[in-house]
Amino acid sequence: MNAKRPLVAVLTGAGISTDSGIPDYRGPQGLWQRDPAAQDLVTIGPYLADPDVRRRSWRMRQEVGAVGAEPNAGHLALVELERSGVPMRVLTQNVDGLHRRSGLPERKVLELHGTAQRVQCVRCRVRSDMDEALTRVAAGEDDPACRACGGILRPCTVMFGEALDATVLGTAASVARACEVFVAVGTLLQVHPAAGLAELAVQNGARLIIVNAEPTPYDPLADELIREPISAALPALVRRIVAGDLTAGAA
Ligand code: ZN
């Protein structure tokens, strides 16, 4: 058995946060399948052009915020992996901030799609907390403007119609190339850049482990497929990684 402790890259998608009560907007049962118009709320063109879209978007964020989501066993398993000393990085498609809230150091988490925990003025670029903006919404400002310049406020997420941050993407690609194990958790691996990162890892010799209830296009490339619920499967997988036992039970 290989006793070397490998760099583990963990790509996480919406599936890891559904147990925290955060809806999977993109998934098969997601809001954007049921109500395609809702996609306008997170598409940059309509968001900037239409105050009514922004008002609906703030209301949606209020509802998501009201869930009061806390990290679940899946998030906490990754904290355990980090604390075990195994070199690891989390690449997340999620904007909910739960990896950081769970206790992972900031440098260990790459937020590919940005964060919904912060907002930014599109004019003067000043950033502030989402909580503060939502407090203003709750107090009656249905489309709160930048306090400094009056510009439009937007979440610090990558919206539809926008490019991903090139620096974040470049770092994610380096991690995918360097890792010896690439774990894809709760993602359908259908959206760029998630799919490309999994492929890059495999091309560079990584073992691919997919933890997802539904099939993904990358299942044929995977060394192991885990279909169990994430909050149970991830703690078990982390125990095996920490034990250096990456081959036991492999598909
Ligand atoms: Zn401003």
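Thr12 stands opposite Val185 in strand S7, and Thr12 also stands opposite Thr92 in strand S2. Please keep in mind that this is a predicted model, in which local features need pLDDT of at least 70 and side-chain atom pairs count only at pLDDT 80 or more, while totals for chains, interfaces and linings use all residues. Residues are numbered from 1 along each chain as its sequence is written, and side-chain values use heavy atoms, leaving out hydrogens and water.

**Strand S1 and its partners**
- Strands here are DSSP runs of E with at least two residues, numbered from the N terminus, and two strands pair if DSSP finds at least two bridges between them.
- S1 (residues 8–12) runs parallel to S7 (residues 181–185), with 5 bridges joining them.
- S1 also pairs with S2 (residues 88–92) in the parallel sense, over 5 bridges.

**Burial of S1**
- Of the 5 residues in S1, 5 are buried (under 20% relative accessible area with a 1.4 Å probe, protein chains only).
- Val8, Val10 and Thr12 point one way from S1, whereas Ala9 and Leu11 point the other way.

**Around Thr216**
- Thr216 sits in the loop between strand S8 (207–211) and strand S9 (224–226).
- Thr216 counts as buried because its relative accessibility is 7%.
- Leaving aside neighbours within four places in sequence, Thr216 is in contact (heavy atoms within 4.5 Å) with Thr187, Leu188, Leu189 and Ile210.
- The C-alpha atoms of Thr216 and Ala195 are separated by 9.5 Å, and these residues are 21 residues apart along the chain.

Technical notes:
Helix = DSSP H or I, 4+ residues; strand = E, 2+ residues; numbered from the N terminus. Buried < 20%, exposed > 50% of the residue type's maximum accessible area, 1.4 Å probe, protein only.
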